[in-house]
Amino acid sequence: MKKVTLLFASVLLFAISCSDETTVFSEPVNDLSLESNEKVLTDGVSFEASGVLDILDEATLTGKTSKAEEQAGDYPLTLVAQINPPSFSGAENLTASHIDVDGNYAYVAYNTVEDGYAGAIDVINISDPYNPRITSRLYYTNADINSIIYDDGYVYAVGGVNSELSVTATSNSLVAKISAINGRLDTSNITYGFQEGFTATDVTTTNNKILVTSGKDGTVTAYDKTNITILNEALFPDLRAITTQDDKIAVLEATTGVVILDQEFNTTKEITINSDFGLATKRTLSFHDEHIIVAEGAKGAGVYNATSGDFIEYVPILINPDGVDTQDIVTNAVATNEEVLLMANGGAGLCLAEDNGINPDLVGIIALDGSINYVASKGDYVFAASGKAGLQIIKLNKPSESLEQRCATLQEYEGSANLNVNAGQTRAYRGSKAFNSLNIGGELLLCGTWTARNGININNDGLFEMNGTIYIGNGRQRRNVSVNQGATLKIEGNLVIYGDLTLNDGATLEFIGNNSAVYVLGRVQRSGDVTINGTFDDVWNRF
């Protein structure tokens, strides 16, 4: 983050409201514009690398692999898509700075780390997990947007303003209230507020307030949600982030550590942290049950007791890749999702750990492109901001509750990553695992969510029934599903193949229920007499 120079020249039309800290944007100008070309929005989504994601564990990364047979992984992750950063004249190197997720939409803020100031906001529809769409894109030609949150029909975005060049700004840091209905941003009536500090660094909301932090010589400020007037503020030397839990407010202050505040901004607890948070760099913190987790740069993620302030442990950066500058191997952000802890470790990638409430256990590095600068997670999704590689949308593929209930009597799968069911054998499992391959000569029922990196082969007269979702291959390593003579593939749910589906003579493909879908990136190849029964959605029109 840096001191943001947002120029509101005297030719811009602003109407000043009852408070001199609040302005209302009244007419569109060149410094603020919505993307109107639908092709630009469509082309902003890339499926090139979509598909099954590898997780590189510590043994693989260090070369200390075991001779024991590889076990199926507990995290069957898939890359849904990548969102290419916005680009326009004077802003060819934007990077994602912050992400918020609410319902069917993800809201992304972009800034630039180079000289000059430019930014953008994207709204991404994620209601279809296999086909995300950019529904709205707003360009700021003279402002970095550092943080963003959606709340009850509005996007609240924070950044900076050069008050010396602005006829309206009373201070350097700004917050913008922008209407956002059904994934569409409306610039006809944007309200701005201003506070002390070089630039606004983070934002969150409560029932009736907007809480904003600003960096060097800044404040934590509470704004009225309705009219963006200042209700309360407290001075701090260098604020980087803010989060809340119940009636507690936590801010990350770079010279001290974590400061716990009450609703009136009185300090109730200080957690001293002796870490180098860097100069004008973004760091985050988050509550997780009774813990508070802090991104502490080169040390990794620090875990503290939120009540006592006691230090619990560091979750270290798992690997220091060759050819990456030491200064780029830092934990920039942390996010939690139930038992999962995610760490955006810059040049060291996106680390996944299991947080069991005592000591997080390292799982591995998710194989993604780019340097991971920020991470957010909600529901079944992870959103990783990876520099110039863009925003990466990852699906955790948690088994749904309904599948768990229907398959409750089945044994959870624990075993080889290469599952073979021989002729005459019957196997049935529930769960959520990552396979290398499936080879089925007998009968196999899987209930839950699964991945198969290297394909599926159903031998003559074999039966594979799948209730839930299964992914095969990925966009860069195409892998196929083969259904051979007399064999049956029965699907109740989603079949996603990054490769070909081959139905040989005598094969049967059957879909159960009315909500099944099949996604075949390659071709559907039929050889001889093939039977296809049931109702299904052919999403990519391959049948």
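Asp217 is exposed, with a relative accessible area of 54%, where exposed means over 50% relative accessible area, buried under 20%, and partly exposed in between (1.4 Å probe, protein chains only). The residue sits in strand 18 (residues 216-224); helices (H or I, at least four residues) and strands (E, at least two) are DSSP runs, numbered from the N terminus. Phi of Asp217 is near 50°, a positive value in a residue other than glycine. Asp461 belongs to the loop between strand 39 (456-458) and strand 40 (463-472), and is exposed at a relative accessible area of 61%.

Before going further, a word on the source: this is a predicted model, in which local features need pLDDT of at least 70 and side-chain atom pairs count only at pLDDT 80 or more, while totals for chains, interfaces and linings use all residues. Residues are numbered from 1 along each chain as its sequence is written, and side-chain values use heavy atoms, with hydrogens and water left out.

**A covered strand and its neighbours**

Let's turn to strand 28 (residues 340-344), which is mostly covered: five of its five residues are buried. In a regular strand the side chains alternate between the two faces of the sheet. Here both faces are covered, with Val340, Leu342 and Ala344 buried on one side and Leu341 and Met343 buried on the other.

Strand 28 has a partner in strand 27 (residues 333-337), which runs antiparallel to it and is joined by five bridges; two strands pair if DSSP finds at least two bridges between them. Across that pairing, Leu342 is the bridge partner of Ala335. The two strands form a hairpin with two residues between them, and Glu338 in the turn has a positive phi of about 55°.

Strand 28 also pairs with strand 29 (residues 350-354), in the antiparallel sense and over five bridges. Leu342 meets Leu352 as its bridge partner in strand 29. This hairpin has five residues between its strands, and Gly346 in the turn has a positive phi of about 60°.

**The disulfide**

How many disulfides does the rule give? The count comes to one, a disulfide being a pair of cysteine sulfur atoms within 2.5 Å. Cys407 is joined to Cys447, with an S to S distance of 2.4 Å. The torsion about their S-S bond is about -75°, so the disulfide is left-handed. Cys407 lies in the loop between helix 3 (401-406) and strand 34 (411-412), and Cys447 in strand 38 (residues 443-452), so the pair ties together parts that are 40 residues apart in sequence. Cys407 is buried, with a relative accessible area of 4%, and Cys447 is buried with a value of 4%.

**Salt bridges**

Side chains of opposite charge can pair when their charged atoms come close. Taking a salt bridge as a side-chain nitrogen of Lys or Arg within 4 Å of a carboxyl oxygen of Asp or Glu, the count comes to 14.

| Salt bridge | Closest N and O atoms |
|---|---|
| Asp122 and Arg137 | 2.6 Å |
| Glu414 and Lys433 | 3.4 Å |
| Asp500 and Arg523 | 3.7 Å |

Asp122 and Arg137 are both buried. In the second pair, Glu414 is exposed, with a relative accessible area of 57%, whereas Lys433 counts as buried at 6% relative accessibility. Glu414 and Lys433 are also linked with Asp74 in a network of salt bridges.

**The largest pocket**

Finally, the largest pocket has a volume of about 830 Å³. On a 1 Å grid over the protein atoms alone, a pocket is an open set of points where a 1.4 Å probe fits, with protein on both sides within 12 Å along at least five of seven lines, and lining residues have an atom within 4 Å of a point. Grid points are joined across faces, edges and corners, and the volume is the space filled by probe spheres set on the points.The lining has 33 residues, of which Val113, Thr281, Lys282, Asn332 and Asn373 lie nearest the pocket's centre. Strand 8 (residues 95-102) gives the most to this lining, with three residues.
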